Every structure is written in structure tokens, then in C-alpha cells.
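Try each task before you read its solution.

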Amino acid sequence: MSDSDILVEVRDLKVHFPIRRGVLFDRTVGHVKAVDGVDLSIPRGKTYGLVGESGCGKSTLGRALLQLTPPTDGEVSFDGVELTKLAPGKLRSMRRRMQMIFQDPMSSLDPRQNVESILTEGLQTHGIGADRNERRKIIGETLDAVGLPRWALSRYPHEFSGGQRQRIGIARAVVLGPELIVADEPVSALDVSIQAQVVNLLDELQDSLGLTYLVIAHDLAVVRHISDTVGVMYLGALVEEAPSDRLYTEPLHPYTRALMSAVPVPDPDVEDRRERILLAGDLPSPANPPSGCRFHTRCPWAQPTRCADERPALRDIGGSRVACHWAEQIASGELRPHKVSVQIVRPEGEGETPGVVSAPSEPGSYV
Amino acid sequence: MALLEVDDLSVTFARRGQRTVNAVDGVSFSVDAGEVVGLVGESGCGKSVTSLAIMGLLPKQPGLRVGGKAVFDGTDLLQLDDRSRRDIRGRDIAMIFQDPLSSLNPVIPIGLQVTEVLARHRGMKGEAAAKEAAALLDRVGIPDPKRRLKEYPHQLSGGMRQRALIAMAVACQPRLLIADEPTTALDVTIQAQILELLKELVRDSGTALVMITHDLGVVAGMCDTINVLYAGRVVETARRRPLFREPRHPYTVGLLGSVPRLDAGRGERLIPIPGSVRDVLPWPDGCAFAPRCARRIDECVGEPPELVLAHDGRSYRCVNPAPVPGSVPPAAKLGPDAPAAPADPATAPADRATAPAAPADSATAPADPATAPTQVPAPREEESA
Amino acid sequence: MTITTGKKREKIDRLGELAAVRDDEQGVSLWREAFRRLRRNPAAIAGAVILALFLLVAIVGPFFAPHPADAQLWKGEVRLGDFPGPRAENWFGTDHIGRDEFSRMIVGARQTLLVGVISTLIGLAVGSFIGGVAGAAAGLGGRWGRSLDNVLMRFVDMLLAMPSLLLAISIAAILGAGLTTVMIAVGVVSVPVFARLLRGSMIAQANSDYVLAATSLGVKKPKIALTHVVPNSLAPVIVQATLTLATAIIEAAALSFLGLGNNDASIPEWGVMLADAQQYLDTAPRLAILPALAIIITALGFTLLGEAMREALDPKLRK
């Protein structure tokens with residue numbers, strides 16, 4: 001694959017949120033390392049899926065990529081343009097080319113705007129369409145593309161069902177004619193029967209408009225369904241990245257294996273046959289991540305050497321990128337899983353007595 | 001006899017100036033002792049209201065009407081006064097909710113909340129109660145239980161809170177446990193832990209479990225019998241394998257077709273159900289699912305579809321059910337991709353044995369392949385994207 | 001395909017109608033929907049009727065008052081401890097210096113309304129300005145904005161810490177007793193309420209997804225603040241303004257009662273009338289009861305309407 005095919009390239013991206021305490025003067029007492037050194041690249045016209053559990057930093061990564069949350073460090077290059085160093089005005093005009101779809105279609109639409117005004121806002125901002133009629137034409141075509149009727153224009157978000165609202169959100173992103181769309185949990189707030197409608201719509205739009213997607217979701221099945229490449233995140237970093245079919249047939253990282261084995265499949269035969277790799281305990285706090293490999297506290301394959309003191313880098317193993325010291329030995333069956341004792345993990349703002357719990361300001365990460 | 005027999009349960013909310021809402025509209029199902037029964041449906045199908053009505057936990061408000069019967073071990077729960085219902089609740093029937101944080105009292109230590117249940121229903125006090133509470137927490141897999149007893153709910157993670165809640169629910173060895181979306185708020189790996197724990201508890205103690213969820217994957221792995229709800233009514237009841245292998249009600253078919261599967265390939269098209277849950281027909285006017293149904297025929301509208309009883313305790317409420325896959329080739333593509341998945345050779349023969357019997361039992365099923373295609377109407381033209 | 005019978009066809013058609021919406025139907029905005037809910041609420045109707053009457057009296061009352069409000073027409077009939085009671089020419093009797101009580105009540109309505117509205121407007125304007133700037137700075141302004149917000153809110157805290165009576169007395173010491181003093185004092189007291197309310201509401205809105213969505217569209221921050229954040233933050237402020245009108249009237253009456261209010265005898269005001277009546281409580285309690293009732297009913301009207309508006313605008317109650 002040549003370099004010109006890469007639309008988005010992220011290098012060593014870090015987003016650290018300061019934890020502030022204090023009544024009068026804010027004192028920074030630590031950092032939540034929501035994203036801590038992520039490299040990834042998305043080829044034009046393809047879909048990159050990002051999975052992970054809540055608090056792994058996948059949403060923050062998506063926002064940092066779009067510069068909606070300022071990255072602490074690292075580079076994001078979009079079609080050759082370095083976004084992190086772009087002047088605010090230039091960045092704003094770049095936004096036309098990269099859009100976002102949100103999880104909750106209700107809260108991501110201004111309740112006091114009707115659909116026409118929602119869709120016009122972006123067009124006006126970027127000066128697309130010479131006059132009202134031309135804009136109406138563009139909007140009309142977009143409505144057709146996302147499967148909304150024309151009478152939707154004069155209506156307000158609260159008058160639609162969840163699935164239709166998500167279509168409005170998609171229309172808002174698509175109407176600008178973007179190249180990249182970051183979809184943050186696009187279907188997880190929707191009913192099961194509606195999820196498929198939206199997933200299919202995203203597929204259709206990609207085919208007809210040549211869109212590039214970054215799909216962020218906690219649902220491995222959804223991500224696998226729509227992604228060409230899947231990245232698995234754990235505590236702010238990628239632990240494995242592979243083509244989606246390969247990830248399913250040959251998961252290499254212990255966390256991917258555990259995640260895969262935990263997803264329920266609506267098929268009794270598969271369910272009865274499956275061997276569950278049950279992970280012990282909970283996700284450690286991103287404010288105080290474990291040393292070495294971040295997964296070693298819960299890893300059934302953790303070894304006494306290296307795992308606890310050396311942070312594994314992503315390395316290529318037969319087409320996948322894996323951050324595990326022992327991936328080959330685990331794949332060959334040389335290493336066997338063992339029992340892991342549970343380490344108690346406290347929610348953010350740990351303390352022995354009840355008090356004010358100050359959660360880090362990481363919007364939308366508690367999915 | 002069944003442990004819990006819910007018969008024609010209905011719950012209506014009437015509010016002045018607003019349309020009366022039939023949250024539950026004639027739900028019937030039964031739970032045998034030690035059985036795991038699933039209630040599956042999307043938001044607004046009445047699955048949670050059903051469980052709250054059985055438990056007598058619906059908020060008392062004017063305009064609320066609960067009808068029908070819910071017979072637990074010979075007594076109709078809906079006829080009981082508050083006092084005796086409270087006695088049954090917690091001792092014989094316990095419930096686990098979706099959000100463990102809001103179901104636990106935030107200002108009381110976990111230990112006290114567990115011992116409270118023990119004191120109320122088992123008359124345990126002091127040291128004995130504390131010891132039993134620690135044993136319970138240990139049993140549900142909470143590490144270092146003695147210390148945890150002194151802690152407050154906010155000090156525990158979501159998974160641990162749900163475990164604590166389960167510990168409280170099983171404290172009195174109830175004969176029936178109702179779990180309302182117990183894992184929806186949790187991550188997949190934690191969900192797997194909790195589901196495993198629930199399975200273990202059911203296996204070890206013989207408690208019957210009613211599992212309320214929207215996730216077909218969860219019921220596939222757990223439930224013996226599954227009831228699919230739509231618009232406040234059970235539309236299909238079946239044992240777990242037949243349901244996933246040969247779903248008969250078009251809604252079940254649609255649900256299975258619209259869930260992306262982890263073991264399906266990239267880009268495999270999903271078959272969504274058109275429209276939204278808002279597009280319902282009131283049951284008295286016909287099948288509530290008719291407006292969204294790909295198999296709708298004229299008989300669907302006019303009067304509510306009768307419950308069709310098939311073999312093996314199976315039933316569905318449909319006048320034009322999906323044919324058994326394999327028997328009618330042209331219509332088979334309407335079915336989910338589930339049967340196309342690699343079948344376990346060990347279980348396949350057993351299922352094949354039941355398959356031919358199905359069309360014979362259901363009179364409306366197109367048994368003859370030649371006539372079948374004519375009965376399949378074209379899907380509605382409106383909103384099918 | 002089987003042939004459809006007529007009746008069935010009809011039912012299926014009706015089903016289609018249920019799902020389809022006619023094109024000419026317009027969308028219903030949140031404001032309009034809130035207004036619809038308001039109209040269905042009996043408390044809102046009651047409040048609105050009371051306020052309409054009050055407004056009517058305040059506007060046209062002075063032209064229809066049977067007698068001049070400040071003329072001591074029945075001075076001759078006033079004796080110590082015995083004033084003319086209600087009778088055909090003086091419906092509510094006369095006060096201690098022989099003025100027609102009914103006329104004074106009617107004319108006083110305008111003053112009372114004026115005090116309530118102007119003091120609330122002062123509070124609303126100043127409070128919303130401070131709160132709006134602080135909210136916009138805190139929600140969208142980054143690090144520099146947080147500092148500005150901090151300074152403004154500490155100032156508001158100072159205001160909040162000051163007892164209203166003390167404030168009024170200090171203002172009176174500077175400006176002298178009078179209606180202006182009362183209005184400023186009552187207005188200033190309500191500044192922190194509006195400032196905090198608007199700020200809090202704006203910060204909540206600034207963190208919402210649709211603001212993020214607008215940012216990702218490339219809309220400039222000042223425009224986001226004006227087109228998205230402020231309109232969505234106004235509902236609680238409007239409700240609060242209605243409720244504040246009620247307390248402002250009561251507070252103004254209290255200040256007048258203490259002698260800080262209007263000392264111009266020619267312009268009657270309910271609070272002053274109440275204050276004047278206290279000496280004659282045992283002989284002519286009606287002189288105190290009537291203005292007190294009027295104040296209470298008016299305040300009730302504003303409260304009823306305000307509470308009903310709160311309910312109507314509450315997004316949680318919407319289906």
C-alpha cells in the first residue's frame with residue numbers, strides 16, 4: 001500500500017487529563033492517561049474499527065484525532081496536513097473534510113433547532129451553496145441519501161424516533177461532503193432492530209460517497225461487521241491491530257482473546273461450545289496504570305519475567321500488530337493460561353471513606 | 001406445576017390529558033422450578049414493567065391498573081397485600097436490577113445492607129449475620145469479603161457492585177430470581193463474569209431465574225426457555241435451540257437477522273426490521289408487529305392473532321409464521337443466517353429430528369413448497385432503508 | 001396474492017395513515033410544545049387569570065378609580081380609633097386620614113407591579129450579564145476563561161453573602177428612602193440567583209454533545225455560545241424570573257413596610273399601605289388585611305405560573 005492511500009495517520013498520540021483538587025487554587029495531583037501513545041493509520045475509503053471497554057480511551061482518541069480534545073503530545077496528519085499545529089482558522093475550514101457521528105442522537109442534536117437549521121448550519125459555516133435554494137437542494141439530496149422524508153425539514157429532533165434521530169446526525173455529518181467520519185458508538189444507544197438499519201446505512205454511504213470511517217464501539221460484533229481493520233485498546237494504548245477477519249480467526253493478544261470469548265453470540269451451539277476466558281477483576285484506573293504491560297494484572301498468561309516491568313511495543317506478527325512479549329509462545333500453545341487472583345480496583349477518586357468523588361473530566365468516556 | 005405462572009398480565013398507565021399506555025398487554029409465561037427463562041425484547045416491549053408488576057414494585061400512582069394473574073407457588077402475587085408481598089419479596093423471590101449503583105443505598109456500608117436482608121428474612125443477628133454476609137460476598141466472588149463489608153457502594157467498581165447486589169438477592173436462597181438487564185451497564189468482560197456467576201448460582205442452588213434482556217446473545221447462552229416480547233405481549237415462546245434454529249414469528253426472525261454476529265464475515269449484509277418500535281398497531285386491531293412485518297398478509301389486520309401451539313411447548317402468535325428453514329427454499333432467505341452457521345455435528349441430528357414435525361403441527365405454515373411463495377407478500381414499500 | 005376484502009383494505013389503509021405524516025404539517029418547536037402543555041395545566045390557567053386581572057387593574061385602574069387616591073375627602077368623619085367602614089361610596093371604607101381605601105388599592109396596583117417588574121428586570125439584566133459572561137468563559141473559554149469565571153463568581157458570592165435588608169438600608173443611606181431605593185435593593189439581591197442559574201445552565205449546555213457537534217462542524221465559539229448555548233440555557237432563567245417577580249413584590253412590600261420605601265403620600269403602594277395600617281390593627285384590621293391579601297394573591301399568581309412553566313419546560317417530563 002503506497003503512502004498516498006493513507007488518509008489519516010496518528011503518531012504517538014497522547015491525551016492526558018490533569019486531575020485537579022483544591023477549593024480556591026487548582027492543584028494538579030496527577031494525570032489520567034486517557035490515551036497514552038497510540039500509532040495508527042487509516043487508508044482512504046476503508047474502515048478502521050476501534051474496540052475496547054469503557055475507560056480505555058477510545059472515545060478520547062476519536063476526539064483527539066479530530067482536535068476536539070487537544071492532544072497532549074503526538075501528531076495527527078490528515079491527508080498530509082499536520083492537524084495538531086494548524087492555526088485555529090485553518091483547522092475550522094479543515095473540519096468540513098472530517099466529521100463526527102455521536103452515540104446519543106438525542107443529546108447530540110440541539111433540541112431547539114429544526115432539521116433544516118441543523119443541516120444548514122454546517123453549510124453556512126463553510127460557505128457551501130450560493131443561496132438558499134442551492135442549499136435546499138444539497139440538503140434534499142442528503143435527506144434522500146440517509147433515508148429521511150422531506151417533511152422532516154421543518155421538524156424538531158424530539159419528534160423523531162431514535163433511529164431517525166441518528167439518521168439526522170449522520171445527515172449533518174454527510175451534508176458537508178467529508179472524507180473522514182469518526183463514528184463514536186453510532187448504534188449502541190439504539191434498539192436492536194434499528195441498529196441494523198443504521199449499520200447498513202453507514203455501509204451504503206461508504207460505498208456511494210467513498211467515505212473513510214473510524215468506528216469506535218464497545219461491541220466487538222458491530223466493529224467486526226463494519227471494519228476492515230480493527231484496533232483493540234486497553235488502558236489508553238493499542239494492544240492489537242489486525243484485519244478484522246484475521247482478528248477473529250487468530251487473536252494474538254491475551255486481552256483480545258478474552259474480549260472475543262466474552263462476547264455473547266446469538267447461537268446456542270456456539271455458546272455451548274465456547275471456552276470462556278474469564279478475566280479476573282476490573283479495568284485498573286487509568287490515573288494509575290500498572291507498570292510494564294498494562295494488562296499483566298489480569299492476564300492469564302502473564303509471566304514472571306518482562307510482563308511486569310517492560311512495556312511491550314506493537315510488533316508485526318504475520319499481518320497483525322500485537323503488543324505482547326509472549327504472543328508467539330501463547331499462539332503456539334507453549335504457554336498455558338493460569339489462574340489470576342483478583343485485585344480490587346476502586347472507581348476514580350478512591351478513598352476509604354465516602355467523600356466527594358472528583359471524576360476526571362473526560363467527556364463521554366463512561367460508555 | 002410451574003413455580004411461577006403469569007397469566008394474561010396487563011399493566012396500563014392512564015394519565016389525565018394523555019393517551020392511556022398499555023405497557024403490558026396480556027403477557028403469559030411460566031417458570032418451572034430451577035428453570036432459566038428469558039424475556040427478550042426491545043425498549044418499550046414491557047419486559048421490565050412485567051417484572052416490576054410481578055414483584056409489586058410499580059410506583060403507586062393514580063391511573064395505574066394491573067390485571068391478570070401471577071401465581072407463585074399457589075398464591076396470586078397480584079392479590080396480596082403489601083405486607084405479605086414484602087415477606088415473599090427477598091425471601092422467596094429476589095430481584096437484580098440493571099444499575100447496581102442506584103439499587104444500593106449510597107450512605108450505608110455494603111455489609112449493613114446485606115445483614116439487613118439476613119436480619120429481616122432469616123432472623124440472623126450480630127456476629128452470625130456478619131459472618132454469613134462475608135460468606136455470601138465470598139460466594140459471589142468478591143475478594144477480601146471481610147473488608148468489603150465495611151465499604152460503601154461508591155468504593156466498589158460496577159462489576160463488584162453488581163456482585164454485591166447478587167449476594168443480597170441470593171442471601172435467603174430464594175426460589176426465584178428475577179434479573180432485569182443485569183449486565184447491560186457493564187463491559188463485556190465483566191458481563192461474562194456476571195453471567196458465569198449467575199449460571200453457577202442457578203446450577204448450585206436450583207434457583208429458578210427469569211432473565212430480562214434485549215441481548216439475544218445473552219439468552220442464547222443461558223436460558224432454557226425464551227419468551228420474545230413485542231409491544232407488551234409475548235409473541236413467541238420456545239426452548240432455546242428451536243428458537244434460534246427455527247424462529248417462527250417474523251419479529252424473532254427479524255431480530256436475529258439484524259444482530260451483527262461476531263462469527264460472521266466482514267460486510268455480510270444485515271437484514272433490518274423496517275420502521276421503528278413506535279409503528280405499532282394496537283393489539284385489538286390486529287398484530288402489533290404488522291406495520292413492520294415483511295410477511296404481513298390481510299389476515300394480520302382486523303383481530304389479534306391467536307396463539308398457535310406447536311410441539312415441545314412451543315408457541316407463537318402469528319397467522320403467517322416464517323417457514324421452517326430448509327423446508328421451503330424460496331422463503332428460506334427470509335430467515336436469519338443462524339442456521340447457515342456451522343452446526344455442531346453432535347447436536348445437529350437432534351434438531352433435524354424435530355424439524356419435520358413443525359409444519360405438521362402448525363396449520364398455517366406453508367407445508368407445500370409449491371404454494372409457499374405465493375403466500376409470501378412483498379415487503380412494504382415504505383421506509384425499508 | 002389473495003384478494004383483499006373491502007373492510008380489511010380499509011383497516012390497512014388506516015394503518016398506513018397512522019404511520020405516514022402529512023407533508024404540510026409543520027414541526028412543533030420546544031417552546032410551542034411547552035406552551036401547549038402550559039395551556040393544559042389548571043394551575044397555569046389560574047395563575048394567568050390572576051395576573052391578567054392584576055395587569056388590567058394596574059394599567060387601566062387609575063382611570064376608573066371612583067375617587068382621587070390622595071384626596072382626604074372624608075377627613076371630617078375620621079375620629080381616633082374609628083374610621084368610616086365599607087359603605088356605598090367607599091367600598092373598602094376610608095383610611096386613617098379619610099382617603100378612599102378602594103381607590104388607593106386600585107392605584108396602588110400599578111406601583112406594586114412597577115416595583116416588582118423593574119426590580120426583577122434589574123436583577124435579570126445584571127445577573128444574566130454576569131452569569132452569561134461567566135458561563136461562556138467557563139464553558140468555552142479555556143484556561144483564561146476559567147480565571148475570568150472565577151473572578152466573576154467570587155464577586156457574585158460576595159453579593160450573595162450580603163443580607164438584603166442590610167443592602168437596602170445601605171442603599172437608602174446613599175440615595176435616601178424611596179421607590180428607586182427599593183427597586184435597586186430588591187434587584188441587586190436577586191442578581192446572584194440569576195447569575196448562578198444562567199452560568200450553571202450554560203456550563204451544562206456547553207458540555208453537551210450538540211455543542212461538540214457544532215464545534216466539529218467548524219462553527220466559531222462566539223456563534224456557538226449565542227445560537228446553541230444561550231437559547232438552551234434560558235428556560236430555567238425565565239421560570240426563575242417569574243418566581244422572582246413574586247418574591248420581589250413581597251420584598252418590596254417588606255422594605256416599604258420598614259419605611260425605606262415610597263414616602264410620597266400622593267402615590268399609594270400596597271407595602272406602604274400595609275405599613276401605615278399597623279397602628280390601627282385593632283380598630284380597622286381591614287386596612288392591613290386588604291393590601292396584604294392583594295400582595296399574597298398577586299405573588300400566588302406569579303408563583304403558580306412560574307411553577308407551571310417550570311413543569312412545562314422541563315425536558316425530563318417530556319415524552
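**Exercise 1. Work out the fold content of chain C: how many helices and how many strands are there?**

Keep in mind that this is a predicted model. Start by counting: chain C comes to 11 helices and zero strands. Next, walk along the sequence, and the pattern reads α-α-α-α-α-α-α-α-α-α-α. Then check burial: of the 319 residues in chain C, 44% are buried. Finish with the contacts: taking those between residues at least 6 apart in sequence, 71% join residues at least 24 apart.

**Exercise 2. Describe the side of chain A that touches chain B: which element gives the most to it?**

First, get the head count: 49 residues of chain A are in contact with 54 residues of chain B. Now list the elements of chain A that give two or more residues to this side: α6 (192-209), α7 (220-226), α8 (244-249), α9 (254-262) and α10 (268-273). The top contributor is α6(A), with nine residues. Last, sort this side of chain A by class, and you get 26 nonpolar, 11 polar and 12 charged residues.

**Exercise 3. Take a look at B:I142: is it buried or exposed?**

Find it first: B:I142 sits in the loop between α5 (126-139) and α6 (145-148) of chain B. Then count neighbours. The cut-off for buried is 20 or more other C-beta atoms within 10 Å. B:I142 has 24 within that distance, so it is buried. Setting aside neighbours within four places in sequence, its contacts are B:L137, B:R148, B:M160, B:R163 and B:A164.

Methods
Residues are numbered from 1 along each chain as its sequence is written. Chains are lettered from A and ligands numbered from 1 in the order in which they are written. This is a predicted model: local features need pLDDT of at least 70, side-chain atom pairs count only at pLDDT 80 or more; totals for chains, interfaces and linings use all residues. Helices (H or I, at least four residues) and strands (E, at least two) are DSSP runs, numbered from the N terminus. A residue is buried if 20 or more other C-beta atoms lie within 10 Å of its own, exposed if 12 or fewer, and partly exposed in between; C-beta atoms are placed from the backbone. Two residues are in contact if their C-beta atoms, placed from the backbone, lie within 7 Å. Ala, Val, Leu, Ile, Met, Phe, Trp, Tyr, Cys and Pro count as nonpolar, Asp, Glu, Lys and Arg as charged, and the others, Gly among them, as polar.
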